[in-house]
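Try each task before reading its solution.

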Amino acid sequence: MLRPLIIMSLFAGSAAAQTPQSVSVLVPIVGSVIGPSAIRWKTDVELHNDSREEMFVALRLPTSPDQPTIAFTLPPGGVQRFADVVAEGFGMEAALSPLIVETMGKRSARVAATAYAIREEGVTRGEPIPIVYSDASYPLRTLNNLSFSDVFRTNIGLVNLGESEATFTLGLQRLVVRNIAVARLTIPANSLSHTSIQSLFPLIAKGDDFNVVVETSGRNTYVYASVIENATSEARFIAPSIGTTETQALAREAQ
C-alpha cells in the first residue's frame, strides 16, 4: 500500500542514526505532457519486489520544481503499477523529468517503464524505456538513426543531475567523424533540456539516418532521443551508445 510520508520518515530516521544502504536506478524520462495535435504523452511505471523481504522504495522527479518525492513499501513478491506515474504517483497534472528510483537495502526493486500517447483514435503502442542501473556518464555518447522529415520528428534530451552546470557539445553527422553542424548547450544543475532536433540544428535540411555525437565532461549526465512517426505518433526511444560512431565501428571490426 502506498504510504508517501511514513516511509520517507523511515529513510530520514535511519539517516539520522547512520547512513542507510540503498540502491538507485534511473528512468531517463517520464512525463505527462501535451504534444503536437493535442496528443497527451504519459508514462507507465511498474516496480516489482522479486525478493522474499519487504522493500522500502522512494521515487523522485529530480528536475521538477521542489524535486517531488513519494515513498511506499513493496511486500515480498509485490507489484506497484502507475499507469500514469506523474498523475497517479505524484498527483501532478503535467511534468517532464527523469525518475530516480531508490530502494533501501542491497538490491533495487525491478523497474519497467513504458511511454505511450493518447490520441482521438485511441492509445498508441507502448514504447519501453531502458532503465539505467549504473552511472551512465561518459565523455562521448552517440544517438544513432535519427530522422527529421515530413514522416518523422526527433526530440533530443540532455539530462544534468550533477551539482553544477554542464556543457554539452552536439555534432550532427551523416558520415563518421564528419560534423555537418554543431550545437552547444549549457544545462544547469538538476535540469533537463528536451527539444526538437530542428531547434538544435535549424539550418540543416530534412533527412533520415542522422547521428548525433554528444560530448560533455559533466558527471551524472545522460542523453537520449525519441523518434516519432507523425501520422501515428508511434515512438521509438533511442538510448545512447558509448563513444563516437567511429569508435563503435572500430569495436565491431575488432570482434
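**Exercise 1. Find the bridge partner of Val-33 in E2.**

Start at Val-33 and look across to E2, where its bridge partner is Trp-41. Helices (H or I, at least four residues) and strands (E, at least two) are DSSP runs, numbered from the N terminus. Next, take the two strands together: E1 and E2 run antiparallel and are joined by 2 bridges. Two strands pair if DSSP finds at least two bridges between them. Finally, follow the turn: this hairpin has 5 residues between the strands, and Ser-37 in it takes a positive phi near 60°.

Before going on, note that this is a predicted model: local features need pLDDT of at least 70, side-chain atom pairs count only at pLDDT 80 or more, and totals for chains, interfaces and linings use all residues. Residues are numbered from 1 along each chain as its sequence is written, and side-chain values use heavy atoms, with hydrogens and water left out.

**Exercise 2. Determine how E1 and E6 pair, and over how many bridges.**

The sense is antiparallel, and the pairing covers 9 bridges. To place one of them, go to Ser-22, whose bridge partner in E6 is Met-104.

**Exercise 3. Work out the strand order of the open sheet that contains E14 and E17, and name its edges.**

The 4 strands follow the order E14-E11-E16-E17, with antiparallel pairing. E14 (191–196) and E17 are the edges: each has a single partner strand, so one side of each lacks a neighbour in the sheet. For a closer look, E11 (residues 152–160) pairs with E14 over 6 bridges, and Asn-160 stands opposite Ser-191 in E14.

**Exercise 4. Decide for Gln-67 and for Ser-233 whether the residue is buried, partly exposed or exposed.**

Ser-233, in the loop between E16 and E17 (235–238), has 1%, so Ser-233 is buried. Now check the backbone: phi is positive at Gln-67, near 45°, and at Ser-233, near 65°.

**Exercise 5. Locate the largest nonpolar core and the element that gives the most to it.**

A nonpolar core is a set of buried Ala, Val, Leu, Ile, Met, Phe, Trp, Tyr and Cys residues joined through side-chain atoms within 4.5 Å. The largest has 33 residues, and Leu-47, Val-57, Leu-59 and Leu-99 have the most contacts inside it. E1 gives the most to this core, with 5 residues. Another core, of 23 residues, lies apart from it and includes Leu-185 and Val-212.

Technical notes
Buried means under 20% relative accessible area, exposed over 50%, partly exposed in between (1.4 Å probe, protein chains only).
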